[in-house]
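Hello,

Here is the structure I promised to pass on to you.

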Amino acid sequence: MTVTLYDCATAPSPRRARILLAEKGVVHDTVPIDLRQGEHFSEPFRRINPQCTVPALVTEEGPVLTDNAAIAAYLEARYPEPPLQGITALEKAEVAHWHWRAEFEGLLAIAEALRNSSPAMANRALPGPVNYPQIPALAERGIARLQQFLADLNQRLDGREFIATERFSLADITAVVAVDFARVIKQKPGEQHPHLLRWRAAMGQRASMGL
């Protein structure tokens with residue numbers, strides 16, 4: 001079977017999967033899902049992913065993976081070159097640590113701010129098939145969390161080419177997506193983040209980052 005990615009060009013989560021597939025050199029088919037039109041809630045897509053989220057990856061073996069954690073684990077094991085989650089035990093731990101921080105303190109903080117403030121997301125404070133009301137105070141907290149993460153990431157990148165280890169990794173992928181997606185809550189690195197800006201400019205030289 002051919003690997004198939006259920007994707008949305010404007011959303012950050014499927015972008016992580018797109019970059020990962022490109023870095024691994026995995027040939028795959030793409031099926032676009034229009035989130036603005038609610039296509040992820042349609043019955044055909046619910047049969048693919050009952051959680052009504054993207055990305056969803058149909059593996060060569062047939063089963064469908066419906067979150068980035070599972071997709072990353074599968075692709076690293078199925079296509080081990082280049083290694084993007086570390087080689088040594090310590091490298092694997094460092095990648096896991098910084099990847100978790102980029103996701104929890106970066107992407108999830110942005111989602112917290114966006115989903116709890118945008119009128120378009122009223123009652124959609126969390127992704128998935130269940131509606132949840134917005135909590136405005138969480139939007140304020142999300143912005144504060146993201147600002148702290150950008151400061152911490154800038155400090156981490158002082159004198160470093162990559163975030164986690166001495167080579168490009170999954171942590172860099174998730175951090176790039178978080179830094180770029182911060183625009184939706186009117187946040188971005190500034191002159192107070194010189195190391196972060198240098199790193200992001202270098203990441204832009206990778207072909208995968210244009211996806």
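What volume does the largest pocket have? About 1,400 Å³ is the value for the largest pocket. Before going further, a word on the source: this is a predicted model, in which local features need pLDDT of at least 70 and side-chain atom pairs count only at pLDDT 80 or more, while totals for chains, interfaces and linings use all residues. Residues are numbered from 1 along each chain as its sequence is written, and side-chain values use heavy atoms, with hydrogens and water left out.

**The pocket**

A pocket here is an open set of points on a 1 Å grid over the protein atoms alone, where a 1.4 Å probe fits, with protein on both sides within 12 Å along at least five of seven lines; lining residues have an atom within 4 Å of a point. Grid points are joined across faces, edges and corners, and the volume is the space filled by probe spheres set on the points. The largest pocket is lined by 42 residues, and Pro-12, Leu-35, Arg-115, Met-121 and Pro-127 are the closest to its centre. Helices H1, H3 (68–78), H4 (89–115) and H5 each give two or more residues to this lining, and H4 gives the most, with seven. (Helices are DSSP runs of H or I with at least four residues, strands are runs of E with at least two, and both are numbered from the N terminus.) The lining divides into 24 nonpolar, ten polar and eight charged residues; Ala, Val, Leu, Ile, Met, Phe, Trp, Tyr, Cys and Pro count as nonpolar, Asp, Glu, Lys and Arg as charged, and the others, Gly among them, as polar.

**The sheet**

Four strands make an open, mixed sheet in the order E2-E1-E3-E4, where two strands pair if DSSP finds at least two bridges between them. E2 (29–32) and E4 (64–65) are at the edges with a single partner strand each, so one side of each has no neighbour in the sheet. E1 (residues 4–7) and E3 (residues 56–58) are paired in the antiparallel sense over three bridges, and Leu-5 has Leu-57 in E3 as its bridge partner. Helix H1 (residues 12–24) lies across E1 and E3 and runs at about 150 degrees to E1; axes are lines fitted to C-alpha atoms, for helices over the stretch in contact, and angles run from 0 to 180 degrees between N-to-C directions.

**Helix packing**

H1 also packs with H3, at an angle of about 5 degrees and with the axes 10 Å apart. That makes the two roughly parallel, a label for angles under 35 degrees, with over 145 being roughly antiparallel, 65 to 115 roughly perpendicular and the rest oblique. Contact means heavy atoms within 4.5 Å, and the residues of H1 that meet H3 include Leu-20 and Leu-21.

The axes of H5 (residues 136–156) and H7 (residues 194–203) come within 7 Å and cross at roughly 75 degrees, so these helices are roughly perpendicular to each other. Leu-150, Leu-153 and Asn-154 of H5 make this contact with Pro-194, His-195 and Leu-196 of H7.

**Backbone details**

Most residues other than glycine have a negative phi, and most peptide bonds are trans. The loop between H2 (43–48) and E3 holds Pro-55, and the peptide bond from Val-54 to Pro-55 is cis, with omega near 10 degrees. Cys-52 is in the loop between H2 and E3 and has a positive phi of about 60 degrees, although it is not a glycine.

Best wishes
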